[in-house]
Structures are given as structure tokens and as C-alpha cells.
Amino acid sequence: MKISWPNSLINDIARRRCVIFLGSGISRNSVNATGLHPKTWVEALESGMQQLDKSIQRNIKRHILSKNFLMACELIRYTMGRDNFVGFLRNEFVTPRFAEADIHKAIFELDSRIVVTPNFDSIYDVYARHETHGDIHVKHYYDEDIADAIRNDKRLILKIHGDIGTPDKLIFTKTDYAKARSRHHNFYSIIEALLLTHTFIFLGAGLNDPDITLLLEDYNFKYGFTRKHYFVIPKNELTNIERDIYGESMGLQFLEYDPKNSHVQLLESIQELILKVEEERHEISASNNW
């Protein structure tokens, strides 16, 4: 079962009024020269946990099982110390040299001007820079010129959790989230403005990301009568009741695909979306209805 794309979303992408949000599930499609894929959030935490004494492992495991990932990461970083923790992140996400996957190429072909991602790997960034010969802005939540980058006409990748190249500014723990929201509140105002003026489509993302939850809930209760944003998930990941609750509280419409061969299903769905968007752009151009 492929995704049935709504006409309103196709039109928004065609008119470049859509922001594509890339979660860690998209990076999972990548592979390096030895056939290794990037680890999931949980797998990375478990890998870091294994490097610590067994006395602390049990406590970290308890937080992982309860899906309190931010606290689990906080404990890992605190116990490892800054330098060892940075080395651990580099070994997990940089040293393996993951290459772009077909899904990164397909997402790029949608030609959305703004891509937002919490991923601190550089897989999509490197590919996009190569394809545009460097003619693309990559901005981070702490950059002071984000508003200017949004207003001009260049492509933009917005790294809302930072980048592995600047490890001390990564948003990776509960403390990091609190610090970022206090020191960079203007950045979150910009994201809220994008939520109000653009349609977001979330790909490979999870509903347990604090940024997603806080931003969407706040936006939804402030502007409850606006159009919904789109969240792509495997079918049956949520019960009907959970889907309704998330949809109502966060202003989301869920788009589902078959979980069997999920990577293939999602890629083929996006490739079909590319064709629909290109057709829509031709019709818009022919009618001069910009």
C-alpha cells in the first residue's frame, strides 16, 4: 500500500509553500562501504550504554525501556565525560561515512526550498550541496541570520538540533533542550512562523521528539482552525484512537504506507509524489496561476 497524497499537499509542494521535515528514519536508509546502516536512536543509546560500568547500565536501560531517551542520553554523557562523549558520537555518525540513499535523492527532487531536520548527521546536507554545487544555505538553531536565509530565494536546510561538526552545540539531552529554548527563543518563533505560513510534511520522524510535540501542540492551540500538517507513518503504528488524539492535539493528518518492505514503500510513494508535483507545476505554469 503506497501513500495516497492529498491534492492540497501536492499543490503546496508545487508552489514551494511546503517545508519537508526529515527525521532519523530517513538517515536509516543510508549505508556505508561495508554495508553498515546508521543506528536508530535506541541502538545508539544502547551502544553508548555498553561502554559504561554495569552499575550505571541498569539505570540507563530503565530509562530506555520507558522511552525516556533524553534522560538516558543525559546519563551517558555525564558518565562518559565531554571528550569521550564527543568521540562516541563521531564514531557512531561520522567515521562510518554513510552515503546518501535513493530516498535522499527523491526528497531533493521534490525541490522544496526549505528542509528542516533534527538529524545531526550530514548525509542529506552533503548530497544537497553536491547537487547544487554549494548553492544552498545550511543554518543551525543558534545562527543569527536564519530569518534572512528564509526570506531570500536560495534553498535552505535548517538543522534544528545542531550538527556533529559543532558537538558542544548539539541538542541531545534534556538539559540541551532547556538551554536552547531559553537562549534561542527567537529561533522557535521562526519555526512557529513557518508552521503558520507553510505546510509541513514529516518524513521518518517520531512523535516522541520534544521539539515536534511542543511546537505542534502550541501552534495547534493558538491557531486551531488552520489546515493540518502531514505526518507520514507506517500503517498500524498507531491505533485509531491514538491517531485521533495526536491528530486533534497536534493539528496533524496522518498519511500511511504498508509497513512490509517499508523503506521501499516509502521511496516508491515519494517517487510517485515527484511526478504529481511536476505535473502540478506544469499546470500552474500553463495557467500563469502563481
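Visitor: In which strand is I233 found?

Guide: This is a predicted model, in which local features need pLDDT of at least 70 and side-chain atom pairs count only at pLDDT 80 or more, while totals for chains, interfaces and linings use all residues. Residues are numbered from 1 along each chain as its sequence is written, and side-chain values use heavy atoms, with hydrogens and water left out. Helices (H or I, at least four residues) and strands (E, at least two) are DSSP runs numbered from the N terminus, and the strand that holds I233 is β6.

Visitor: Does I233 count as buried or exposed?

Guide: The cut-offs are under 20% relative accessible area for buried and over 50% for exposed, with partly exposed in between (1.4 Å probe, protein chains only). I233 has a relative accessibility of 0%, and therefore it counts as buried.

Visitor: Which residues does I233 touch, not counting residues up to four places away in sequence?

Guide: Contact here means heavy atoms within 4.5 Å. With residues up to four places away in sequence set aside, the partners of I233 are L238, F254, L255, E256 and Y257.

Visitor: What is the order of the strands in the open sheet?

Guide: Two strands pair if DSSP finds at least two bridges between them, and β6 and β7, for example, pair in the parallel sense over six bridges. The edge strands, each pairing on one side only, are β3 (136-140) and β7. The seven strands of this open sheet, with parallel pairing, follow the order β3-β4-β2-β1-β5-β6-β7.

Visitor: Which residues of β1 are buried on each of its faces?

Guide: In a regular strand the side chains alternate between the two faces of the sheet. β1 is mostly covered, with five of its five residues buried, and within it I20 has I201 as its bridge partner in β5 and stands opposite V115 in β2. The buried residues of β1 are C18, I20 and L22 on one side, and on the other V19 and F21.

Visitor: What covers the buried residues of α1?

Guide: Helix α1 spans residues 7-14, and six of its eight residues are buried, namely L9, I10, N11, D12, I13 and A14. Their cover includes β1 (18-22), β5 (199-203), β6 (229-234), β7 (252-257) and α14 (262-287).

Visitor: At what angle do α3 and α4 pack?

Guide: Axes are lines fitted to C-alpha atoms, for helices over the stretch in contact, and angles run from 0 to 180 degrees between N-to-C directions. Angles under 35 degrees count as roughly parallel, over 145 as roughly antiparallel, 65 to 115 as roughly perpendicular and the rest as oblique, and α3 and α4 are therefore roughly antiparallel to each other. Helix α3 (residues 41-49) and helix α4 (residues 54-65) have their axes 10 Å apart, and they pack at an angle of about 170 degrees.

Visitor: Which residues of α3 and α4 make the contact?

Guide: Ala, Val, Leu, Ile, Met, Phe, Trp, Tyr, Cys and Pro count as nonpolar, Asp, Glu, Lys and Arg as charged, and the others, Gly among them, as polar. On that scheme the contact of α3 with α4 has five nonpolar, one polar and two charged residues. The residues are V42, L45, E46 and M49 of α3, together with Q57, I60, K61 and I64 of α4.

Visitor: How many disulfides does a search of the whole structure find?

Guide: A disulfide is a pair of cysteine sulfur atoms within 2.5 Å. C18 is buried at a relative accessible area of 2%, and C73 is buried at 1%. The number of disulfides found in the whole structure is zero.
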